[in-house]
Amino acid sequence: MSFTPTELEVEGAAGGGTVPGAPASPPAGRGAPDRPATEWRRVSRAFLRDRAAVACGVYIVLIILMAVAAPLLVKISGYGPLEFDQDAVDPNLGGIPLGAAGGMGADHWFGVEPGNGRDIFARIVYGARVSMLIAISATLLTTFLGVVFGLVAGYFGGRVDMVVSRVMEFLMAFPALIFMIAVLSALPAENRQFLLVLVISFFGWPYLARIVRGQTMSLKEREFVEAAKASGATSAQIIFKEILPNLASTIIVMTTLAVPGYVGTEAGLSFLGVGVVPPTPSWGQMIASSVPWYAVDPAYFLIPGAFLFLLVLSFTVLGDRIRRLLGEGAA
Amino acid sequence: MIRFVANRLLGMLVVLFLVCLFTFVIFFVLSPDPAVQICGKNCTPEAIDQIRANLGIDQPFWTQFWTFLTGLFAGRTYGTGPNAIDCAAPCLGYSFQSSQAVTDMIVQRLPVSATVAVGAAVLWLLAGVAGGLLSAVREGRFADRFIAGLTLTGMSIPNYVLALSLQFLLVVTLGWLPFPQAVAFSDDPVRWFQNFLMPWIVLAVGMAAVYTRLTRANVIETLQENYVRTARAKGLSPGLVWRRHALRPALTPIVTIFGMDFAGLLGGALITETVFGLNGIGKMAADSITKNDQPVIMGVTLLAAFLVVVGNMVVDLLYTAIDPRVRVGSSA
Amino acid sequence: MTDTLLQVRGLTVGFPNANGPNTVVNSLDFDLARGGALGIVGESGSGKSMTSLAIMGLLPKGAERTGSIAFDGTELTALPERAMRSYRGDRIAMIFQDPLSSLNPYYTVGTQIMEAYRSHRTGVTRRQARAVAIEAMERVHIGDAARRVDHYPHQFSGGMRQRVMIAMTLSMEPELIIADEPTTALDVTVQAQILDLLAEIRADTGAGLVLITHDLAVVSEVTDHIVVMRDGDLVEQGPAERIFTDPQAPYTRMLLDAVPRIDDEIGLLRTMHTEEGR
Amino acid sequence: AGGDGSGGTPQTGGTVHMLQNADFSYLDPARGWDGGVNAFYRLIYRGLTMQAAGDAEDPNAVVPDMAEGLGTPSPDGLTWTYTLKEGLKFDNGDPITSTELEFGISRAWDPEIGIGSPWLKNTVEAPADYKGPYQTGDHPGIETPDAQTIVFHLKAPFPEFDNVVSQVNAVPFPVGTGAGDEFIKDVIASGPYTLDSYTPGSSIKLVRNEHWDAATDEVRKAYPDAWEFEIGLEGATIDERLLAGQGTDVNAIAGKIQPATLARIQSPELQERAISAEAYCVTYMGMDTTQAPFDKVEVRQAMNYAVDRTSLQTASGGNQLALPATTIIPNAVNGHKDFDLYPSEGDSGDPAKAQELLESVGLGDGFSFTLDIRSNPIMQAQAESIQQALAKINVDVQLNVIDTSTFYETIGTPSQMHDAAITGWCPDWASSSSTMVPPLVDGRVITEKGNTNIAQINDPGINARIDEIRAMTDLDAANVEWGEFDEEVMALAPLVPLLQEPSVFLPGENIAGYIPNTSMTDLTIIGLSDPSAG
Amino acid sequence: MTAGDSIPRQPGPPEPAPLLRAENLVKEFTVSGGGLLGRAGRFRAVDDVSLEVRKGETLALVGESGSGKSTTARLIARLIDATSGTIEFDGREVHALTGKALHAFRSEVQMVFQDPYSSLNPKHTVERIVTAPLAYQRRPIPGGARAFAAALLERVGLNPDHAARYPAQFSGGQAQRIGIARALAVSPKLIIADEAVSALDVSVQAQVINLLRRLQDEEGFSYLFIAHDLAVVRQIATRVAVMNGGRIVETGDRDTVFGSPQDPYTRKLLAAVPRIRPEWDAARRRNEQARREREEAEL
Ligand SMILES: Nc1ncnc2c1ncn2[C@@H]1O[C@H](COP(=O)(O)OP(=O)(O)OP(=O)(O)O)[C@@H](O)[C@H]1O
Ligand SMILES: Nc1ncnc2c1ncn2[C@@H]1O[C@H](COP(=O)(O)OP(=O)(O)OP(=O)(O)O)[C@@H](O)[C@H]1O
Ligand SMILES: [Mg+2]
Ligand SMILES: [Mg+2]
């Protein structure tokens, strides 16, 4: 189940709480001088040379543009995401789309949904909105919670750490997927998207927090923290001004890897019927409703499936590359 | 050592207790009244009250929770008089839907989930470690890059998309595999194997990808360790250097992480079991959720948490066994 | 048998990359007499470790080695890897700086000592190898060796670990011991013990020693011939007494001036640049 | 395809496989009561009367089962007497007499066990504190003058009492059995089959009850030697297996096929196998008549005009799986009257007329309301279709998707239901509409919880008419009146009938005597044409 | 509490009050968590340590690894709290300080650490690093951050134009100077240098030692100089305290301690220091002299 950035999680666990890709301190030898500004340039240059990364970036940008421009695109394509088109389906055959490949054609670019003849293109476009919105909001919230709790636990240690760690352990011991479904199915359908974000983040933050905590614990041992303390810095100043900047790359990497996880989670929950509420389209919900049709009308299943897979893949590849680039910069 | 285990056990109980409480609170607070649901159409308010009393859900929260907890450890009795039902410990109550004892339901389905988990685990462990080793040996070369591509793909494909695609391709279109059907191993081993093949693959793909990357990273990192250099400086053969000094340290963390993943999977692969119609714990969870069958949801949640927590502990103990540095009872 | 145990000529190590050859050791020449002790000194990054690894044929990936390294008359650079393996550990042993990370945490020290012995001496039983390991540990003054042989590296203190490393090399009776900063991670008192131990072993076995360090005082105590390196270049070399009494290169003179003396007059330490230059 | 069953003649022997998604609710007939399990109970339990065999002339009719004939009411209609056949036995060989029947029936009053059909409790006289045989003892309202005779005393005359004793909970059990959870995992069968093994959620196997005597049973044919129920399969998988018909799947039957499968059964041999069955239920949208805007009859009528039943039909699987409904009583239920008070061209709605009606009450600019629906793909599609149709008259429909598990609770609780809801209703017995219309419109059944009159219409005229028709003892005449009543109710438009949803079934190739029915497919007359196949 | 095992000290001769006086310092650490069950063990890292640093002098604290030197330093800098004992700085009880007074203390006592890179935040520019103490104490930066940083860099012998660089862009010795500059930013009275030169190469080490000495001469502040290298200590200390196993085993003037060590541990320590033979040094000095004379003669 790909609802948490397992991989980083796992690697974090293996590496004793530090992310391998996270930039370590410059080695205590003569480090190749590199300012962040030039580092940024180096990263972006290396990135642009990487064809796969560029392709993934382009795909993500396209999907984002698509999501933003959904109303416009739908105007061009001619059908809204909720609009029924009885003429596109065959009422004698259980409502399968008329024409080849799920009714693809000039009218309906990606075909139509069986049964009601809704335009799949329009639903994909609007579905992208939902998927991206939820994934990105959940990522932001998770990052916020994970960073704050991770920093606090790692920095203060002792009882605070004990409590936060126990809570994290508890949340991670929880069968999150089962529970997310149970909670979501028990909750009212209003504000479902908001609830999705909340529930996903609620179970998601410990994975980031654990890594942030580990890094904070090792950063806190670095002498600059002691120096700041000796200079009169308060705990908050040390945490946010001294330690946080050093976590930037970890957070960036974790975030880029969290987004695909949450795109997948949202889709998975929608697939299981507790995600976004119809008629709002989401890719997972589209895949779920295509299940009974997948043998008759494969296009109905393949189109959202492919969009989802490519989006997750793109984010994953991107995260992977960013991690490698930032990691290289530090090594 | 004993103190360490006792400590872990106590911690484990605390986590399980919290999981219990949390789950209970959520269902107590959020859940709709199961009595109404059980009562069905043509129901009277008296009937509803009666059902509520039978289920014990007319009691205040803490009473219910206490009864549940005592049921877990000492068993409990449902109803009164001649209809009283004794539910032996560990009593997770009775399904609202089928009135089966949840413990029985779990016991009945555990073999399926275990089969799924074991098969998938074997697959992903073999594929992951082999892939990771190959990648590490060929670092930077074509095979490495190819495997990296595969792992990224494997990590990105949502399991239900993979499951449905496989079923469409292998069963519906190509007809290479029959439709999944409940067949015991003893009845028809071939058919049994065919039934579980797709679920195994689906579950193994994502995990294998993660394990490949992990193995690769660990092996590469270990090869840079000073002690590997020492081993080479001793004039050991490359085979020996690899086997003793690279693989064991590199694979130890994988074994331990494997324990956790495996425990998690034993608690049911919700999506995979549902898609392939396997009557395991995961499917039971999915079904009970759609039917709001609280005792079953509670049971599955607790089981899954229990497995993860126990897995965690086993892993810790295992670690002390296989990594001499982790000495129990003393902090380095 | 020649009198020169190790002869290095024109040894160059580089990490070629897009920007050029990136040489880190530049045409190094030196000789080590049989039974002699050679000190290589120089500041951080001057290429001391690369030199030692080049001799062992254990340079990291991407490194290129040219020049000649003759050990007991055999040209090591021409040896195939398999043959080189039979030298490593057996005839040439190496001790590294950090004794903790240089020992594999997963195996008992006994296993790690025996391992080399058994892989070089065919037909040795476990029991024999174990006896050898215990004996080697006794020779480096690890008390209760028969019991400690089954302990893991983390159960030893830093100095003890370094003794284990030395015991490991001792079991093979090597002709040459290369020690790369063997005492840098240790306290002075422990350092003194380890240096004494090395001297003792040399006296016992007649092994040659290449001691790599940045500490001039240490080489002055232990070695009879000194090589001074800087940025991969050989600055000067010669008998220890000559280097310390009459250093020729300004760099060596500066180094010597910069060393704080425990029983010398107190005053401004001389540094590279007149004052504390930028 | 038609309603005349699959080809071939059933032969004795073999195993019939049933593929299904959900487990049966309960093995205990006092507890379970739904279409699926009712059909299953017919295989293992017998009652006094039962719904006629699936291949009977009138499959909705009630015929004697263990009783020699239908019940004999006393002139005041308050006492019903039945006579049992001789030679009836349980699967353990013990004889079945009126005592066992009384014991079995009285289990319906046990508050913990009798959660199934309410009809016995609703009709048979019993003290308020009577709590079944285990807690109270003998049922005071049932008499067993001798081993073959059983007499029921009713609370009030109930002309359809033969239907009540055909309910699944009116079956015999050996005295003293079935307390606690005894019948959760095991059964004591009186029918032709008994339980061989049961793995909840996964499989049920039935084998012949050796003590069942075919001579005492005019309805059940019991051709196969065994039954195997495979439970927990996805709908799509079941259909795929039926289509493919590999191995034992030639001997398999299942519930109705998914809409998606319809498109794939167009080949001649599959068309041959496919059988469709008429709907016994109506899918409708109930509107809360106590609140604005649906408190105005014009608005409700406008809704009836505005919905596009053709679109609803397509969304529900096309014309093989859905038919526009304009009446509450479905075509297949006795008493149906054909009428359409709110006609439109091609059943695709008449927005103009609807608009007119709305304007007449000053809602020409439209309004907005919340529609409760179940999280089920078809129902969602139907709701979305309504959303689309009503958008044409500026009515904005907000969908409130409720999880399946809580849907009925929500809409059955007037305080929780929103302005309207889509749901379905089926009769408890198809031979009459007495259980079809009244529960939906009788103002006196409105309760705080478990309410069935979701429109909450409480019209004295309607209430009076219900009592009037219920009192009729001539059931055929009563059915005609129910049809009239349907039309009278629809004039007030408390609800919008949307669809009748027939079903298509695809039994395995080797299945014979399969006559599906959306009310209840009769499993007891099914067999295999070639028992050695599969 | 350790009241029982702390031996009352003899009051010293009535000298001018020292800048810093630490009395009977004890620091215990909890080790081995123990978890929910079981009691945690305690480890006494600093055991009844008393010391004084007078104005303008350098007290060197020497001892082997783990002897408690850093812990003592951190107690004095009030980075951690003592288990028992008192620290008086400039007449004030350090552990009672809060708020403004604590800020004042923080600007009077500064630290320089062992690892120049670890002690500088790699994500901050040099300018930010050296002005951080003022910023954290909410004090105005005289003359603006840029000019202030430039002046500081100049004082420690760094190029003032490099204020916008990051620590990784400097060599070890340069980075250590940044650490010193930061300590100077608040004009402290006491600088605690914890192994401040241990990680550096000899030539760089010499530069930094010289810098420290020069600054002390110019500004007149005191050092608490922690080191394990006795040779370095001899170059810089006025007085020496030798620590072993958390206790101070010997303290005294530099020449007394080095010349006639009393404690066996001190003697062992001194004996272990590797040395270049004095006669070689003498010879070298002679040769050097000769060479210089030769060169002068040639000119
Ligand atoms: N893998 C490598 N790739 C590129 N350059 C390297 C690599 N390893 C070492 N170097 C460079 O080679 C030079 C010599 O390194 P070496 O380790 O021999 O120095 P050293 O004298 O041993 O220093 P130290 O006293 O710090 O151990 C250094 O400048 C170092 O940066
Ligand atoms: N936070 C802590 N928790 C537990 N033990 C500690 C802690 N800090 C220091 N110690 C222990 O206290 C002892 C003294 O440590 P300290 O760092 O003061 O020694 P040191 O003399 O500075 O050594 P070094 O020369 O290695 O820096 C050591 O044994 C150390 O392990
Ligand atoms: Mg080196
Ligand atoms: Mg220290």
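Keep in mind that the model is predicted. The largest nonpolar core has 161 residues, while an open sheet of 6 strands sits in chain E.

**Nonpolar cores**
- In the core of 161 residues, those with the most contacts inside it include Ile63(A), Trp283(A), Leu308(A) and Trp124(B).
- Phe271(A) touches residues in its own chain, including Ile287(A) and Val291(A), and in chain B, including Tyr160(B) and Leu164(B).
- Apart from this core lies another one of 92 residues, with Ile40(C), Leu58(C), Leu176(C) and Phe244(C) among them.

- An unreviewed UniProt entry puts the feature "transmembrane region" at several stretches of chain B, among them 197-214 and 296-319.
- In the model, residues 197-214 of chain B are 100% helix, with end C-alpha atoms 25 Å apart.
- Residues 296-319 of chain B are also 100% helix, and there the end C-alpha atoms lie 34 Å apart.

**The sheet in chain E**
- Its strand order is β6-β7-β8-β3-β9-β10, and the pairing is mixed.
- β6 (109-112) and β10 (247-253) of chain E are the edge strands; each has a single partner, so one side of each has no neighbour in the sheet.
- On average, neighbouring strands of this sheet are turned by 15° against each other, direction ignored.
- Strands β7 (190-194) and β8 (222-227) of chain E run parallel, joined by 5 bridges, and Ala193(E) stands opposite Phe225(E) in β8(E).
- Helix α5 (172-184) of chain E lies across β6 and β7 of chain E, at about 175° to β6(E).

How values were computed
Residues numbered from 1 in each chain as written. Chains lettered and ligands numbered in written order. Predicted model: local features only at pLDDT ≥ 70, side-chain atom pairs only at ≥ 80, totals over all residues. Heavy atoms only, no water. Core = buried A, V, L, I, M, F, W, Y, C linked by side-chain atoms within 4.5 Å. Buried < 20%, exposed > 50% of the residue type's maximum accessible area, 1.4 Å probe, protein only. Contact = heavy atoms within 4.5 Å. UniProt positions renumbered as here; feature names shortened; annotations may be inferred. Helix = DSSP H or I, 4+ residues; strand = E, 2+ residues; numbered from the N terminus. Pairing = 2+ DSSP bridges. Axes fitted to C-alpha atoms, helices over the stretch in contact; angles between N-to-C directions. Lists of a residue's contacts leave out its neighbours within four places in sequence.
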